[in-house]
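I opened this model to look up its salt bridges and what surrounds them. My entries follow in the order I made them.

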Amino acid sequence: MGLQTTSFKIARYILFALVLILCVWIIIYTLVSKNEESSTNINDGNVIRVTNKRTPCEQNINNSISQMWAYNFENVPQKYLSMIDAYVNEEITTRETGYCNNVKFTCTPGQIRKDCDPCAAGSARQFAMDKQIADTIAQECK
């Protein structure tokens with residue numbers, strides 16, 4: 001007598017196939033969601049991510065001020081240049097550690113920021129430019 005296929009064996013194969021499909025689906029879902037999560041959570045301090053949409057007024061101001069800082073630095077108002085100078089020449093009061101272009105740095109109390117933080121000037125410049133953009137948008141885009 002040959003092998004008999006019983007309803008129990010058929011049910012077992014169907015159940016095995018369903019479990020296999022479920023496991024494959026869970027693995028694929030986990031991998032896809034991990035990739036999406038890791039691409040949105042970049043921990044690089046030099047990445048600027050714009051998440052909100054800007055109005056045309058805000059976009060025009062952003063473009064014009066960015067161009068001024070890039071090509072006509074002499075036209076930047078003194079208020080914002082003073083912000084850069086104050087930040088770069090600030091005396092550190094607490095121990096600070098960070099990364100600049102993937103190089104670790106440490107600032108100890110009493111040091112001047114520009115002496116221990118290689119990205120101090122760039123950070124200060126970006127902060128001052130962002131502040132000027134925000135101030136101008138607040139004044140002109142009501």
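**Entry 1, Asp135.** I began with Asp135, which counts as buried at 16% relative accessibility, the cut-off for buried being under 20%. I am working from a predicted model. I placed Asp135 in helix α5, residues 120-140. Leaving out residues up to four places away in sequence, I found that Asp135 touches Lys79 and Tyr80.

I looked up the salt bridges and got 4 for the whole structure. In one of them, the side chains of Lys79 and Asp135 meet at 3.4 Å, N to O. Lys79 lies in helix α3 and Asp135 in helix α5, so this pair ties together parts that are 56 residues apart in sequence. I also noted a network of salt bridges that links Lys79, Lys131 and Asp135.

Which residues of α3 are buried? I listed Tyr80, Ile84 and Val88 for this helix, which spans residues 78-88. Seen down the axis of α3, they fall within an arc of 75°, so they line one face of the helix. I checked what they pack against and noted α2 (56-71), α4 (113-116) and α5. On the face turned away from the buried side I found the exposed residues Gln78, Lys79 and Ala86.

I then turned to Arg113, which is buried, with a relative accessible area of 6%. The side chains of Glu90 and Arg113 meet in a salt bridge of 2.7 Å, N to O. Glu90 is in the loop between α3 and β1 and Arg113 is in helix α4, so the pair ties together parts 23 residues apart in sequence. I recorded Glu90 as partly exposed, at 32% relative accessibility. Arg113 also forms a salt bridge with Glu96, with the closest N and O atoms 2.9 Å apart. That pair links distant parts of the chain, Glu96 being in strand β1 and Arg113 in helix α4, 17 residues apart. Glu96 is partly exposed too, at 26%.

I stayed in strand β1 (residues 96-100) for Gly98, which is buried at 16% relative accessible area. Beyond its neighbours within four places in sequence, I found Gly98 in contact with Val103, Lys104 and Phe105. Gly98 and Asp117 are 19 residues apart in sequence, and I noted 8.3 Å between their C-alpha atoms.

Confidence is highest in α3, at a mean of 92, and lowest in helix α1 (residues 7-40), at 85.

Terms used: Residues numbered from 1 in each chain as written. Predicted model: local features only at pLDDT ≥ 70, side-chain atom pairs only at ≥ 80, totals over all residues. Heavy atoms only, no water. Helix = DSSP H or I, 4+ residues; strand = E, 2+ residues; numbered from the N terminus. Contact = heavy atoms within 4.5 Å. Buried < 20%, exposed > 50% of the residue type's maximum accessible area, 1.4 Å probe, protein only. Arc of directions from axis to C-beta. pLDDT = per-residue confidence, 0-100.
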